[in-house]
Every structure is written in structure tokens, then in C-alpha cells.
Amino acid sequence: MSPDQAKVRRESLRWLILLTLNNARPIGAYEGPILAVAQSEYPDATPLELRRELDYLAGRGLVDVRKEPSGRWAAALTRHGTDVAEYTVECESGIARPAKYW
């Protein structure tokens, strides 16, 4: 995979995670269902890849990640993450949010 393809995949996966968590509001979701959605678009997506992107989104303040003692991760959108998913604020680079067409 070329560096450009890897970048497109990472950024698209981040957007897919935000959409998935937006649909899971207000509860959020465990990593298993999020991974299942990611694998519908990228069949070879791995749990490590998902966790890496969840960690990235958490670092940007878009999601809250809860790491349970059992090893499972759960995530929920923050207020800012909801705003990004609902197109009410600008989206900085690093997330492949499509242009608003409506």
C-alpha cells in the first residue's frame, strides 16, 4: 500500500468511526461493533488499526475512550465529535469528512 493509500484509509476510517459513534449516541459502543462497521468498508481492518484511530480521535478531543480492565475498549463521541459528525463545525485535516452537499 502506498503512503497516499494508507493516508486515505486512515482518514476514511476515522470518519467511519465518527459516523458509527454518532449512530450509537448517547451510549457509545464497544470496539467490536465499531470494528464490524469498519470491516464492512475495509474487510482487512484489524483491532489494532481500530484502536490506533480511536486513540487518534481521543487525542483530538472528538471521542472519549474507556479502556476496561478486561482489555475491551469502549468509545463515545464528545460534544465536539458530535458537532463534527453533524457538520455544525469545521473539520480540521486528518479526517476524511465529505463536503456537505445539502
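# Contacts and helix packing

Student: Leaving aside its neighbours within four places in sequence, what is alanine 85 in contact with?

Tutor: Alanine 85 is in contact with Trp15, Leu18, Asn22 and Leu77, once neighbours within four places in sequence are set aside; contact here means heavy atoms within 4.5 Å. This is a predicted model, in which local features need pLDDT of at least 70 and side-chain atom pairs count only at pLDDT 80 or more, while totals for chains, interfaces and linings use all residues. Residues are numbered from 1 along each chain as its sequence is written, and side-chain values use heavy atoms, with hydrogens and water left out.

Student: OK, and where is alanine 85 found, and is it buried or exposed?

Tutor: Alanine 85 is found in helix H4, where helices (H or I, at least four residues) and strands (E, at least two) are DSSP runs numbered from the N terminus. With a relative accessible area of 7%, alanine 85 is buried, a word that stands for under 20% relative accessible area, with exposed meaning over 50% and partly exposed in between (1.4 Å probe, protein chains only).

Student: What about threonine 82, buried or exposed, and what does it touch?

Tutor: Threonine 82 also has its place in helix H4, and at 11% relative accessibility it counts as buried. Not counting residues up to four places away in sequence, threonine 82 touches Asn22, Arg25 and Leu77.

Student: Switching topic: which residues have the most contacts inside the largest nonpolar core?

Tutor: They are Ile17, Leu18, Leu21, Ile34 and Leu57, in a core of 25 residues; a nonpolar core is a set of buried Ala, Val, Leu, Ile, Met, Phe, Trp, Tyr and Cys residues joined through side-chain atoms within 4.5 Å. Two or more residues each are given to this core by H1, H2, helix H3 (47-59), strand S3 (73-77) and H4, and the largest share, six residues, comes from H1. As background, nonpolar side chains in soluble globular proteins tend to be buried together.

Student: And leucine 18, what does that one touch?

Tutor: Leaving out residues up to four places away in sequence, leucine 18 touches Leu57, Leu62, Val63, Leu77, Val84, Ala85 and Ile95.

Student: Now the helices: at what angle do the axes of H1 and H2 cross?

Tutor: The axes of H1 and helix H2 (residues 31-41) come within 10 Å and cross at roughly 135°, where axes are lines fitted to C-alpha atoms, for helices over the stretch in contact, and angles run from 0 to 180 degrees between N-to-C directions. That makes H1 oblique to H2, since angles under 35 degrees count as roughly parallel, over 145 as roughly antiparallel, 65 to 115 as roughly perpendicular and the rest as oblique.

Student: Which residues of H1 and H2 meet there?

Tutor: From H1, Leu13, Leu16, Ile17, Thr20 and Leu21 meet Ile34, Val37, Ala38 and Glu41 of H2. By class, this contact has seven nonpolar, one polar and one charged residues, with Ala, Val, Leu, Ile, Met, Phe, Trp, Tyr, Cys and Pro counted as nonpolar, Asp, Glu, Lys and Arg as charged, and the others, Gly among them, as polar.

Student: How do H1 and H3 cross, then?

Tutor: Their axes come within 10 Å and cross at roughly 75°, which makes H1 roughly perpendicular to H3. Arg9, Arg10, Leu13, Arg14, Ile17 and Leu18 in H1 meet Glu49, Leu50, Glu53, Leu54, Tyr56 and Leu57 in H3, and the classes in this contact are seven nonpolar, no polar and five charged residues.

Student: And the H2 and H3 axes, at what angle do they cross?

Tutor: The axes of H2 and H3 come within 10 Å and cross at roughly 105°, which makes H2 roughly perpendicular to H3. The contact is made by Glu31, Ile34 and Leu35 of H2 with Pro47, Leu50 and Arg51 of H3, and its residues divide into four nonpolar, no polar and two charged.

Student: What sits in the loop between H2 and H3?

Tutor: Aspartate 44 lies in that loop, and it touches Arg9 and Glu49, not counting residues up to four places away in sequence.

Student: Last one, on the backbone: which residues does a cis peptide bond join, and which residue has a positive phi although it is not a glycine?

Tutor: The cis peptide bond joins arginine 25 and proline 26, with omega about 5°, and proline 26 is found in the loop between helix H1 (3-23) and strand S1 (29-30). The positive phi, about 60°, belongs to tyrosine 87, which is placed in the segment after helix H4 (79-85) and is buried, with a relative accessible area of 16%.
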